[in-house]
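Work through the exercises below with the model in view, and try each task before reading its solution.

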Amino acid sequence: MLSIDLPAAFGFMPNVVAQLGTFEIPQGLNLENILVYSPLQHDLISHLLTLGVGAMAVGFVYFLTTKRQSAPAYQPSSVLSAIVMVSAFLILFRQLQGWQSAFAFDGEVWRLTDSTFSNGYRYLNWSIDVPCLLTQMLFVVNVTPAKFRKTRTRFVASGLLMIYTGYIGQYFELTSIPWFMLWGFISTIFYVYILYLVGNLIFRSREGLPRPAYNTMGTIWWVILISWTLYPLAYLVPLGWQFFPEWGGWAGVTRQFLFTVADIFSKVIYGVLLTSAAQACSVEAGYEPALQAKKTADNGQLERETKIPSRF
Ligand code: RET
């Protein structure tokens, strides 16, 4: 067990420190629980989690309403996005409730009550989302059925291994830096392998896609690369905090900010981009609902450009 001298850690907030004192950190506690938050910091985290919940709800409506604009071969991608939205909505709603019940306001700051806040729910939730997100891409790019099955198996296996090793690691974030880093490192090996698979898939299998879809797949690569990398950064926040304890409640805000931005980009924006690539492929294939949707969008564009209302 690692014992942290809270008076030293909170040197900049003496009144808070006086009440917390020094204590032994129990195994498995997340950093968020040992910090105290100003009303601003506590609100920011509540608002970020609420933003995440809202984004998933909006995404759910979007993926269901646009599903039929893609040819049937691409529709599983929208279904998988909708599944991700439901599961992410539920977990983020749970995180929000957990956040609100774990802390109480004492007139000056928010401090831990007799319950705790855990990021662990997120990791287990990724067991559903990561396999779905990776698999849905396979429905949009050009792959043979054999390559589809082979890549899906690799995606699911390496995705789960990345998540579960990270899940174990985050239990050590306050109590053992060596174990925390070791599990984080093992998880990163699987992460790099996933990026290699995704890069290979995108850059080898986008040949033959219509131009707009080809370009969108390139954007998708960057969205994945950047947004997925925010998760390991969020994992490392407790390490940064041990070096800069003055960070205080802002460390908690930073972590939830990273998670929220990562969630919105890796799930919602990614899904919207894949839908647009699927629609471009459906237009090229002459699929009537896709042609209709494109016509409507083009008319809207024309109308905005000329300011002359068109009749549909
Ligand atoms: C962990 C542990 C530390 C090392 C690495 C990690 C990577 C996590 C990733 C998560 C992606 C999650 C997604 C969820 C969508 O719902 C596990 C934090 C590399 C990349 C995309």
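**Exercise 1.** How far apart do the end C-alpha atoms of residues 178-198 lie, and what percentage of the span is helix and what percentage strand?

Solution. This is a predicted model, in which local features need pLDDT of at least 70, side-chain atom pairs count only at pLDDT 80 or more, and totals for chains, interfaces and linings use all residues. Residues are numbered from 1 along each chain as its sequence is written, and side-chain values use heavy atoms, with hydrogens and water left out. The span 178-198 is 100% helix and 0% strand, and its end C-alpha atoms are 30 Å apart. Residues 219-237 are likewise 100% helix and 0% strand, with end C-alpha atoms 28 Å apart. Both spans are among those that the unreviewed UniProt entry annotates as "transmembrane region", although such annotations may be inferred rather than shown by experiment.

**Exercise 2.** How many helices and strands does the protein have, and in which pattern do they follow?

Solution. Helices (H or I, at least four residues) and strands (E, at least two) are DSSP runs, numbered from the N terminus. The protein has 10 helices and 4 strands, and along the sequence they read β-α-α-β-α-α-β-β-α-α-α-α-α-α.

**Exercise 3.** What percentage of the residues is buried, and roughly what box do the C-alpha atoms fill?

Solution. Taken along the principal axes, the box is roughly 70 × 50 × 25 Å.
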